[in-house]
Amino acid sequence: MDAILAQLLNGLDKGGAYALIALGLTLVFGTLGVVNFAHGALFMLGAFCAVAFRALITMESVTIDETQLSPWGTPLEVRTPLAETWFGEWGAVLVDYSVPLSILLAIPVMLVIGVAMERGLIKHFYKRPHAEQILVTFGLAIVLQELVKTFFGPNPWPQPIPSDFRGAADVGALFGLQAGAVTYPLWRLVYLGFSLAVIGAVFAFLRFTTFGMVVRAGMADRETVGLLGVNIDRRFTIMFGIAAVVAGLAGVMYTPLLPPNYHLGMDFLVLSFVVVVVGGMGSLPGAVAAGFLLGILQSFASMTEIKAIIPGIDQIIIYAIAVVILLVRPRGLMGRRGMMEA
């Protein structure tokens, strides 16, 4: 029971990341019909928003302390992070919570990047074959990756977990198990909760707002909505920006778990596309369900007992499940009838 609960939590944690990235991919495909291979790069850019924010607030101001002398008799330089210089004790809190606070930077930055991508490049490929969309967006992903490598270098940038969320929570006790039987890192629980909150916010936005209802109508029948006088293209552009924000937020909060580097987006890109295809192209509930399902299966496949029976199963389980599901149900778990079945 202890091992099962621990692996279930691991799977939900991984599934949260997969589901967030796949959700943004599905939003783009469902609204614009574009297969966006640059979506993983948006996840990476979000992660580097956190890196840039921390680098900014930890820039140091240098003052000379005449009361302290070096061994050579010269006054010592005192280096203080700018955040502490500007905000005093609150500056130290700002530095400590740099990762979650960098969301305030990531939201407008990712929204602008998403809208610029759609207006500057993606809109020219709406009616082009999916193969061409894949090629151009994959090329864009490589360009963004190399730009990040140029500005931030090839090495990972570790981001610290806020001090209040370091350590582990006794999850087993919540399920009536012996105290200390199952502990789980606090930040991973935070990431899972954050993932669920963002997913819930996106679904609530689409379901309960006028803007969201028009977008859903446009996803079902774009021409009819356009004939009613609604500028559906503008709304779909905004949805592309929202999809970029979702991917960016997923990247921001993931930085303490995996130090970001320039190829982070490529690492998640293939997995996220497998999730989208398994869930059903264009199906938002399918993308979320498949993300958590495949995360859990991958987690259980990584158990020592399972790998002893089938070596390397943890590396191929997601793709094996995808093959089986697509053979049985080509449109995916929750895909619309006729999708990918022609």
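At the start of helix 14, a side-chain oxygen of Ser283 comes to within 3.0 Å of the backbone nitrogen of Gly286. This is a predicted model, in which local features need pLDDT of at least 70 and side-chain atom pairs count only at pLDDT 80 or more, while totals for chains, interfaces and linings use all residues. Residues are numbered from 1 along each chain as its sequence is written, and side-chain values use heavy atoms, with hydrogens and water left out.

Helices here are DSSP runs (H or I, at least four residues) numbered from the N terminus, and the expected span of a helix is 1.5 Å times one less than its number of residues. In both helices of the table the two spans agree.

The axes of helix 9 and helix 14, which are lines fitted to C-alpha atoms over the stretch in contact, come within 12 Å and cross at roughly 170 degrees. The pair is therefore roughly antiparallel, a term for angles over 145 degrees. Contact (heavy atoms within 4.5 Å) is made by Leu192, Leu196, Ile199, Phe203 and Leu206 of helix 9 and by Leu284, Pro285, Val288 and Phe292 of helix 14.

Ser299, which lies in helix 14, counts as buried because its relative accessibility is 1%, buried meaning under 20% relative accessible area with a 1.4 Å probe and protein chains only. Leaving aside neighbours within four places in sequence, Ser299 is in contact with Gln7, Asn10, Gly11 and Lys14.

Methods:
Polar contact = N/O pair within 3.5 Å; in protein donor to acceptor, adjacent residues only side chain to side chain. Buried < 20%, exposed > 50% of the residue type's maximum accessible area, 1.4 Å probe, protein only. Axes fitted to C-alpha atoms, helices over the stretch in contact; angles between N-to-C directions. Parallel < 35°, antiparallel > 145°, perpendicular 65-115°, else oblique.
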